[in-house]
Amino acid sequence: MALATRPLPEPVAAVLPSAPLTVPALSPAPPGLPADWPHACRSHQLQAGGLRWHVQVWPQPHAGAGWLLLLHGTGASTHSFAGLAPLLARHHGLIVPDLPGHAFTSRPRAAGLSLPGMAAGLGALLQALGVAPVAVLGHSAGAAIGAQLVLDGHARPASLVSLNGAWFPPSGAGGWWYARTARLLAINPLAPALFSWHAARPATIERLLRGTGSRLDASGRAHYARLAGDVGHVGAVIAMMAAWDLAPLPRQLPRLAALGTQLHLLAAERDAAVPPAQAQRLAERVPGARVHRLPALGHLAHEEAPAAVAALVAPLLPR
């Protein structure tokens with residue numbers, strides 16, 4: 001059953017997309033943020049929706065440029081947009097948060113790690129910032145969160161850009177095993193520490209990244225290794241996988257057109273994590289949706305080739 005559309009919270013609806021963001025109102029970077037973290041100079045912390053958020057902000061380059069919201073995928077962080085963000089910031093202001101429980105954003109209760117819960121948390125963040133994004137770009141699970149953000153009335157962007165979006169639950173027996181295993185791990189207090197210890201090993205990181213179909217440089221691999229070594233981060237990722245239910249989302253997505261948001265689906269040909277065919281499958285359901293191919297790139301296409309992805313994304317964004 002489709003969810004009823006809730007009205008956009010008044011403080012967000014009242015803010016024009018071109019409204020300046022008062023960055024001095026934000027606190028400095030959160031404790032524990034490494035000095036060499038990508039774009040650490042853009043990092044701030046902010047209390048919103050019961051969470052302490054880590055968010056990176058690029059001011060609008062000129063009046064009326066509009067704001068973009070960039071959402072990373074499961075297990076990643078703001079570092080995922082290290083190469084892409086400066087390229088998009090030439091024409092728009094950027095809001096780039098760590099998702100709830102990820103990296104340097106605090107972890108909510110279990111309901112806050114569900115798909116609607118994460119969307120509501122981001123809605124509270126946008127409301128606290130006084131920002132109404134003209135477009136949302138989400139990678140993998142971030143695309144699904146961006147869609148839920150719109151469907152639940154927390155934002156009204158003109159464009160939703162999905163970069164290798166994860167839109168459908170795992171199918172068949174594998175999907176049942178995935179969901180059940182994630183729930184069992186989420187209730188085991190030892191699981192995050194064990195997974196963190198194992199995942200942070202260089203050989204494990206190499207294998208996990210190779211499984212995405214992407215090839216990252218040493219710096220990119222090091223950031224994921226650092227995240228994998230954080231027990232809190234790993235525990236939140238496990239709890240998120242246990243809390244998510246993607247089954248209702250594809251049925252709701254046709255409402256995006258009625259809400260004034262055009263869906264753009266970027267699909268990398270070498271994506272080994274999310275089959276590229278999912279993009280075409282979804283486009284056939286959503287009025288006005290368009291598929292854009294990324295040749296010779298994997299699931300982490302924006303980390304492999306940020307300039308190529310920026311060149312494809314830029315014309316899809318409102319000016």
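Select Asp36 to start: at 52% relative accessibility, this residue counts as exposed (exposed is over 50% relative accessible area, buried under 20%, partly exposed in between, with a 1.4 Å probe and protein chains only). A word on the source: this is a predicted model, where local features need pLDDT of at least 70, side-chain atom pairs count only at pLDDT 80 or more, and totals for chains, interfaces and linings use all residues. Residues are numbered from 1 along each chain as its sequence is written, and side-chain values use heavy atoms, with hydrogens and water left out.

**Stop 1: Asp36 and Arg226**

Arg226 is in helix 8 (residues 218-228), while Asp36 is in the loop between helix 1 (10-13) and strand 1 (43-48). The two are 190 residues apart. Helices (H or I, at least four residues) and strands (E, at least two) are DSSP runs, numbered from the N terminus. Arg226 is partly exposed, at 38% relative accessible area.

**Stop 2: Arg221 and Glu206**

Stay on helix 8 and pick Arg221. Which residue forms a salt bridge with Arg221? Glu206 does, with the closest N and O atoms 3.0 Å apart. Glu206 lies in helix 7 (residues 202-210), so the pair ties together parts 15 residues apart in sequence. Arg221 is partly exposed at 26%. Glu206 is partly exposed too, at 35%.

**Stop 3: Glu304 and Arg270**

Now select Glu304 and Arg270. They form a salt bridge, with the closest N and O atoms 3.3 Å apart. Glu304 is in helix 13 (residues 301-304). Arg270 is in the loop between strand 7 (262-268) and helix 12 (277-283), 34 residues away in the chain. Glu304 is partly exposed at 22%, and Arg270 is partly exposed at 28%. The salt-bridge count comes to 3.

**Stop 4: the rings**

Go to Trp37, in the loop between helix 1 and strand 1. Is Trp37 buried or exposed? Trp37 is buried, and so is Phe104. The count is 1 aromatic pair. Trp37 and Phe104 form that pair edge-to-face, 5.4 Å centre to centre with 85° between the planes (ring centres of Phe, Tyr or the six-membered ring of Trp within 6.5 Å; planes under 30 degrees apart are stacked, over 60 edge-to-face, the rest tilted). Phe104 sits in the loop between strand 4 (93-97) and helix 3 (115-129), 67 residues from Trp37.

**Last stop: Arg281 and Phe168**

Select Arg281 and Phe168. The charged end of Arg281 sits over the Phe168 ring, 3.8 Å from its centre (NZ of Lys or CZ of Arg within 6 Å of the ring centre and within 35 degrees of the ring normal).

Conventions: Salt bridge = Lys/Arg side-chain N within 4 Å of Asp/Glu carboxyl O.
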